[in-house]
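Please keep the sequence and the structure in view while reading.

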Amino acid sequence: MTRWLYLLAFGALAAPLAAQDSTPAAPPPAVSLTLAEALELARRNSPAFRQVRNDAGPARWAVRNAYGNLLPTVNSGVDFGYTGSGQSNFGGGFTRATSPYLSSGYGLNLQWQLDGTRLSAVGQQKANQRATEEEIAGAEHGLTVDVTLQYLTALQAAAQVAVARQQVARNEEFLQLAQARYRVGQGTLLEVRQAEVQKAQSEVQLLRNLQAENDAKLELLRRMGVTPPAPVERIELTDSFPVTAPEYRLDQLLAMAEERNPSLRALRAREDAAEAGVRAAKSAFLPSLTLQAGWSGFTQEFTDDGLVIGGPLASARETARNCEFQNNLIRALPGGGIPNEPNGGLIPDCNAFAGLNGSGTALDPALEARIRKQNDVFPFDYTAQPFRATLSVSLPIFTGFGRSLRLSQARAQREDAEEGVRARALQVRSEVHSRFLNLETAYRAIAVQEVSRRAAREQLQLAQDRYRLGSGTSLEVTDAQNAVQRAEADYVNAVYDYHKALAALEAAVGRPLR
């Protein structure tokens, strides 16, 4: 496996370098590939399988999200604002000019909601995750079967190349024999030309078989999801598969398929997920509990100094005038004041009392400084608001039959899943039974093709002996050679039909049987 990863990386880097160097290079060494290496590379690189495997991450996060929904949500925020100058309407036609001001605020809010939907979501998402995992396992099993079948197809093509090479060698031997007979006068030129034609046809067939082998290996690499790390003709498939008598029992295979078939397991997991969906739909009829709590604060800073100071100054002056008016009323009393009151109830300095300076033209500097400091709050000198919390319980009574609709849909989905499982179980039983019979037939066919191949070889030997002795014709040899080629090709096909039938049975059962 490490060798193949290195070759794949080196092949990607060597292509531009080879384009720059025109010096003839030595033929690259052969690259071996076992079935185990092909399967491991396919699991790492097959685009179709990687697409299915990518679903595992969202499924895990869906479970975490379901657990997270049982916890309170916490939100925090900070805001900044600006409001321009204008007029405030106090009603009754009274308006007052307002200063532009800057504002800011913060908020920290906590909300916790608990209802049947959130409680049932955990089980529902766990069921969905199990279904996703079963689907990924099924995709991996399907990839294994797919790559194994193509590996066998490539080996079959390579075996047919060997058969074609043998046929070329036979025809070369036959041509040499025909030429020798012609030179000594025992044969005719027609026989020589016939042998040449026969040899040329076998060479063309060899080229076609070589192309079929290369095509099969390229298709294998495509299904693995990799590019050839070397010229395809230099890639050698090294695994071999023995032919053994099938000793499987149909009832055991059916029981294993009922338990292990990946597609059936995935459908059962989806059935469990559909059942969890029904429970989630029922939980919508339960009451819900909501808790809300929050902390907040704000600032408001006026930017017009005239209005910031002018408003308090006007109020202070009004207070001073009221103070003077009150003093005048007290002075008008008999005795010029209120008995038993300090200063006879008079306020000695109305300007100081109202917060004005001595002349009454401006605010007292200390008061003005305090007002400015109180206004200088933007952006983070917040005024905290009281803590607030709310607990509520809600029980939906009528929602327009929406909950009933969702429950009905969930039940229909569950029933569809049940029927899908039953249909697939019947199909799996049928596939296992059919492929079991196909395996037995393929095994018996090997024995029949072996007898045929042995007879064709004996027929060719007799035809060649007769031709050497002059009692036979070249046509007999040609027919015998063609018969041997067909018999050997049929034998190769029978052997690999057996291996493919066994791989197909493993695909239906859901586990290796070798």
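The largest cavity holds about 40 Å³ of space, in a model that is predicted. The count of cavities of 30 Å³ or more comes to one. The points below describe what surrounds this space and then turn to the nonpolar cores.

**The cavity and its lining**

- The residues that line the largest cavity are Arg-170, Glu-173, Phe-174, Leu-177, Gln-464, Arg-468 and Val-477.
- Sorted by class, this lining is made up of three nonpolar, one polar and three charged residues.
- Two helices, α5 (116-183) and α12 (402-469), each supply at least two residues of the lining, and the largest share, four residues, comes from α5.

**The largest nonpolar core**

- The largest nonpolar core has 48 residues, and those with the most contacts inside it are Val-147, Tyr-151, Met-224, Val-432 and Leu-505.
- At least two residues of this core come from each of α2 (35-45), α5, α6 (189-224), β6 (235-237), α7 (250-260), α12 and α13 (474-509), while the largest share, 12 residues, is supplied by α13.
- Leaving aside residues up to four places away in sequence, Leu-505 touches Leu-253, Val-432, Arg-435, Phe-436, Leu-439 and Leu-513.

**A separate core**

How values were computed
Residues are numbered from 1 along each chain as its sequence is written. This is a predicted model: local features need pLDDT of at least 70, side-chain atom pairs count only at pLDDT 80 or more; totals for chains, interfaces and linings use all residues. Side-chain values use heavy atoms; hydrogens and water are left out. On a 1 Å grid over the protein atoms alone, a cavity is a set of points where a 1.4 Å probe fits but cannot get out, and a pocket is an open set with protein on both sides within 12 Å along at least five of seven lines; lining residues have an atom within 4 Å of a point. Grid points are joined across faces, edges and corners, and a volume is the space filled by probe spheres set on the points. Ala, Val, Leu, Ile, Met, Phe, Trp, Tyr, Cys and Pro count as nonpolar, Asp, Glu, Lys and Arg as charged, and the others, Gly among them, as polar. A nonpolar core is a set of buried Ala, Val, Leu, Ile, Met, Phe, Trp, Tyr and Cys residues joined through side-chain atoms within 4.5 Å. Buried means under 20% relative accessible area, exposed over 50%, partly exposed in between (1.4 Å probe, protein chains only). Contact means heavy atoms within 4.5 Å.
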